[in-house]
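Trainee: Please take me through the structure shown below with some care, one question at a time. I would like to begin with how its elements pack and then turn to individual residues.

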Amino acid sequence: MSADTFYVMFAILIVLFLILLSSQFNKKFCVINFVSLIIYNGSIYVLKNYNSEYGNSLVWLILMFLLSIIHSLILICYIFLRYKNKKVEY
């Protein structure tokens, strides 16, 4: 496993962890995010394997990494806003 692939897999694991954290608030949101993660990472992974001539494999890895980072930032904002708006009960 190369270092590039390791970074992409680490970013995907972070997104999966954040999806699990967001499942506390809204199950439907969690399922939608999980399905979108599978769809965009699956399609990019297929393109990486079957359309990676002349060094294009790195381009697909960078695209997968950037989309995972953007997805994780969206999830972090969602979780932060939910925790902020959550009422404190004593």
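Predicted model: local features only at pLDDT ≥ 70, side-chain atom pairs only at ≥ 80, totals over all residues.

Trainee: How many nonpolar residues does the contact of H1 with H3 have?

Mentor: Contact means heavy atoms within 4.5 Å, and among the residues that make it are Ala11, Val15 and Leu18 of H1 and Leu61, Phe65 and Ile76 of H3. Ala, Val, Leu, Ile, Met, Phe, Trp, Tyr, Cys and Pro count as nonpolar, Asp, Glu, Lys and Arg as charged, and the others, Gly among them, as polar. Beside 5 polar and 1 charged residues, the nonpolar residues in the contact of H1 with H3 number 18.

Trainee: How far apart do the axes of H1 and H2 come, and at what angle do they cross?

Mentor: Axes are lines fitted to C-alpha atoms, for helices over the stretch in contact, and angles run from 0 to 180 degrees between N-to-C directions. On that basis H1 is roughly antiparallel to H2, because their axes come within 8 Å and cross at roughly 165 degrees.

Trainee: Which residues of H2 does H1 meet?

Mentor: The residues of this contact divide into 8 nonpolar, 3 polar and no charged. From H1, the residues involved are Ile12, Val15, Leu16, Ile19 and Ser22, and they meet, in H2, Phe29, Cys30, Asn33, Phe34, Leu37 and Asn41.

Trainee: At what angle do the axes of H2 and H3 cross?

Mentor: H2 is roughly antiparallel to H3, and their contact includes Tyr40 and Ile44 of H2 together with Trp60 and Leu67 of H3. The axes come within 9 Å, and the crossing is at roughly 170 degrees.

Trainee: Which residues does serine 68 touch, leaving aside its neighbours within four places in sequence?

Mentor: Serine 68 is found in helix H3 and counts as buried at 0% relative accessibility, where buried means under 20% relative accessible area, exposed over 50% and partly exposed in between, using a 1.4 Å probe and protein chains only. With those sequence neighbours set aside, serine 68 is in contact with Ala11, Ile12, Val15, Tyr40 and Asn41.

Trainee: Is serine 36 buried or partly exposed, and at what relative accessible area?

Mentor: Serine 36 has its place in helix H2, and a polar atom of its side chain lies 2.9 Å from the backbone oxygen of asparagine 33. Its C-alpha atom is separated by 9.6 Å from that of histidine 71, 35 residues apart along the chain. Serine 36 is partly exposed, with a relative accessible area of 28%.

Trainee: How far apart in space are serine 22 and serine 57, C-alpha to C-alpha?

Mentor: Serine 22 lies in helix H1, is buried with a relative accessible area of 0%, and has contacts that include Cys30 and Leu75. Serine 57 is 35 residues away from serine 22 in sequence, and the C-alpha to C-alpha distance between them is 32 Å.

Trainee: Which residue's backbone oxygen lies 2.5 Å from a polar atom of the side chain of serine 23?

Mentor: Serine 23 sits in the loop between H1 and helix H2 (27-50) and, at 15% relative accessibility, counts as buried. The backbone oxygen at 2.5 Å from a polar atom of the serine 23 side chain belongs to leucine 20.

Terms used. Residues numbered from 1 in each chain as written. Heavy atoms only, no water. Helix = DSSP H or I, 4+ residues; strand = E, 2+ residues; numbered from the N terminus. Polar contact = N/O pair within 3.5 Å; in protein donor to acceptor, adjacent residues only side chain to side chain. Parallel < 35°, antiparallel > 145°, perpendicular 65-115°, else oblique.
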